[in-house]
Amino acid sequence: VGSEMCIRDRGNEADIDWDGYLIWIESGNITVNSNDDALHSNGELLIEGGSLTLFSGDDAVHSDNLLQITGGSIAIDKCYEGIESAKVEISGGTIEIESYEDGINAADGTQNRVGVSNDNCHIIISGGYISVNCIGSEGDGVDSNGTILISGGELYIACLLYTSPSP
């Protein structure tokens with residue numbers, strides 16, 4: 001996808017939704033305002049560049065299998081979960097997320113038992129600038145049902161502190 005693109009919501013469907021295997025964004029200015037996922041791939045999603053501004057009622061960026069971000073500027077100004085895939089790999093770019101729930105989430109739709117890691121899920125951060133602001137009471141900045149590896153980049157997380165009501 002290149003050039004300029006502005007997409008509005010079509011109801012309860014994701015706005016850029018591809019049943020095929022790959023969504024690949026290498027340049028351009030993209031704005032999406034959606035009640036569901038702003039970007040959704042049933043396979044893989046690759047963001048190499050461009051400037052994305054996303055408003056979403058669910059996941060701002062979702063891929064079922066692998067989501068890679070190697071460059072570009074991504075501003076997620078409203079969402080339930082910011083970036084979600086079974087495997088999330090970030091090696092570059094500038095990402096700013098304001099989410100109600102998890103900012104970055106590695107999940108594959110299967111239910112995990114507490115304390116058991118899912119070998120199909122991981123988050124790898126090796127570069128880039130990432131800022132996550134979770135405004136919901138149960139949000140996690142970075143949440144993986146499997147493993148998390150951070151070997152580079154800058155990661156800033158702010159989450160709402162939840163305290164239980166006093167008796």
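Mentor: A nonpolar core is a set of buried Ala, Val, Leu, Ile, Met, Phe, Trp, Tyr and Cys residues joined through side-chain atoms within 4.5 Å, where buried means under 20% relative accessible area, exposed over 50% and partly exposed in between, with a 1.4 Å probe and protein chains only. The model is predicted, so local features need pLDDT of at least 70 and side-chain atom pairs pLDDT 80 or more, while totals for chains, interfaces and linings use all residues. Residues are numbered from 1 along each chain as its sequence is written, and side-chain values use heavy atoms, without hydrogens or water.

The largest nonpolar core has 31 residues, and the members touching the most others are Ile 47, Leu 54, Val 61, Ile 76, Ile 83 and Ile 104. Its largest share, five residues, is supplied by E15, a strand (a DSSP run of E, at least two residues, numbered from the N terminus). Beyond its neighbours within four places in sequence, Ile 83 is in contact with residues including Val 61, Ile 76 and Ile 104, and also Gly 103 and Asn 105; contact means heavy atoms within 4.5 Å.

Aromatic rings of Phe, Tyr and Trp (its six-membered ring) pair if their centres lie within 6.5 Å, with planes under 30 degrees apart stacked, over 60 edge-to-face and the rest tilted. Two aromatic pairs are counted by this rule. In the pair of Tyr 129 and Tyr 156 the ring centres are 5.5 Å apart and the planes stand at 40°, so the pair is tilted. The pair links Tyr 129 in strand E15 (residues 122-134) with Tyr 156 in strand E17 (residues 147-159), 27 residues apart. Tyr 129 is partly exposed at 28% relative accessible area, and Tyr 156 is partly exposed at 43%.

Technical notes: Helices (H or I, at least four residues) and strands (E, at least two) are DSSP runs, numbered from the N terminus.
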